[in-house]
Amino acid sequence: MGCTQSAHMDPEAATRNQEIERQLKKDRQEAKRQVNILLLGAGESGKSTVLKQMKLMYDGEYTDQERLAYKEIIFANVVQCMTVVLESLDALGLAIQPANEPSARSVTDMDQAFLEQDYLPQPLSEALVKLWRDPAV
């Protein structure tokens, strides 16, 4: 009397128990597939780039939210890099074609407000294309 466990289990509780067991099993399988990587290196050595490439290769495409987050960084990098190239031309003994000087001024004098737009402003895009095609650049 009272020495055995009751075999009666509420059907609703049994269903819930099966769902929990199924989820635990799924979580264990996913944990086996998970790989942790420790990326070490000096600043600006490419750790973030490696991580982003791994994500693209093994996790698929970026989400729309991730793309929007990178948009401002990409826009700023494009303008900043062209500005650095233009500033380096004198040191290299090179000069852009006179027809491209207005484009160079529009890039170097660009207000940072364009970063918040969905696209690079048309005049800025055209200036960058013209400068990229310049033989000195």
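Analyst: What follows is a set of questions about a predicted model, each answered by setting a value against its cut-off.

User: What does Thr83 contact, leaving aside its neighbours within four places in sequence?

Analyst: Val107 and Thr108. Contact requires heavy atoms within 4.5 Å.

User: What else does Val107 touch?

Analyst: Beyond residues up to four places away in sequence, Val107 touches Val79, Met82, Thr83, Leu124, Ala127, Leu128 and Leu131. Val107 is also among the residues with the most contacts inside the largest nonpolar core.

User: What makes up that core, and which helices supply it?

Analyst: The largest nonpolar core has 15 residues. Those with the most contacts inside it are Met82, Leu86, Ile96, Val107, Phe114, Leu124 and Leu131. H3, helix H4 (101-108) and helix H5 (122-133) each supply at least two residues of this core.

User: Which residues of H4 are buried, and how do you know on which side they lie?

Analyst: Ser103, Ala104 and Val107 are buried in H4. They cover an arc of only 100° around the axis, so they lie on the same side of H4. The buried residues of H4 pack against H3 and H5.

User: Now the charged residues. What makes Lys55 and Asp59 a salt bridge?

Analyst: Side chains of opposite charge can pair when their charged atoms come close. The cut-off is 4 Å between a side-chain nitrogen of Lys or Arg and a carboxyl oxygen of Asp or Glu. For Lys55 and Asp59, the closest N and O atoms are 3.4 Å apart. The pair therefore qualifies as a salt bridge.

User: Why can Lys55 and Asp59 be described as about one helical turn apart?

Analyst: They are four residues apart in helix H2, residues 47-59, and that is about one helical turn. An α-helix has 3.6 residues a turn, so residues three or four places apart point the same way.

User: Are Lys55 and Asp59 exposed or partly exposed?

Analyst: Exposed means over 50%, and partly exposed covers the range from there down to the 20% limit for buried. Lys55 has a relative accessible area of 22%, so Lys55 is partly exposed. Asp59 has 56%, so Asp59 is exposed.

User: What makes Glu66 a salt-bridge partner of Lys55?

Analyst: The N to O distance is 3.6 Å. The limit is 4 Å, so Glu66 and Lys55 count as a salt bridge. This pair links distant parts of the chain: Glu66 is in helix H3, Lys55 is in helix H2, and they are eleven residues apart. Glu66 is partly exposed, at 24%.

User: Which residues form a network of salt bridges?

Analyst: Lys55, Asp59 and Glu66 are linked in one. The whole structure holds five salt bridges.

User: How do you know that Arg67 and Asp64 pair?

Analyst: Their closest N and O atoms are 3.2 Å apart. That is within 4 Å, so they form a salt bridge. Arg67 and Asp64 are three residues apart in helix H3, separated by about one helical turn. Arg67 is partly exposed at 42%. Asp64 is exposed at 55%.

User: Which residues line the largest pocket, and how much space lies in it?

Analyst: About 360 Å³ of space lies in the largest pocket. Its lining includes Arg33, Asn36, Met54, Lys55, Tyr58 and Asp59. H2 gives the most to the lining, with six residues.

User: What makes Glu44 stand out in its phi?

Analyst: Most residues other than glycine have a negative phi. The phi of Glu44 is near 65°, a positive value. Glu44 lies in the loop between helix H1 (11-33) and H2. Glu44 counts as exposed because its relative accessibility is 85%, against a cut-off of over 50%.

User: Last, where is Gln117, and what does it touch?

Analyst: Gln117 is in the loop between H4 and H5. Not counting residues up to four places away in sequence, Gln117 touches Lys71 and Phe75. Gln117 and Glu72 are 45 residues apart in sequence, yet 8.6 Å apart in space, C-alpha to C-alpha. At 39% relative accessibility, Gln117 counts as partly exposed.

Key. Residues are numbered from 1 along each chain as its sequence is written. This is a predicted model: local features need pLDDT of at least 70, side-chain atom pairs count only at pLDDT 80 or more; totals for chains, interfaces and linings use all residues. Side-chain values use heavy atoms; hydrogens and water are left out. A nonpolar core is a set of buried Ala, Val, Leu, Ile, Met, Phe, Trp, Tyr and Cys residues joined through side-chain atoms within 4.5 Å. Buried means under 20% relative accessible area, exposed over 50%, partly exposed in between (1.4 Å probe, protein chains only). The arc is that of the directions from the helix axis to the C-beta atoms. On a 1 Å grid over the protein atoms alone, a cavity is a set of points where a 1.4 Å probe fits but cannot get out, and a pocket is an open set with protein on both sides within 12 Å along at least five of seven lines; lining residues have an atom within 4 Å of a point. Grid points are joined across faces, edges and corners, and a volume is the space filled by probe spheres set on the points.
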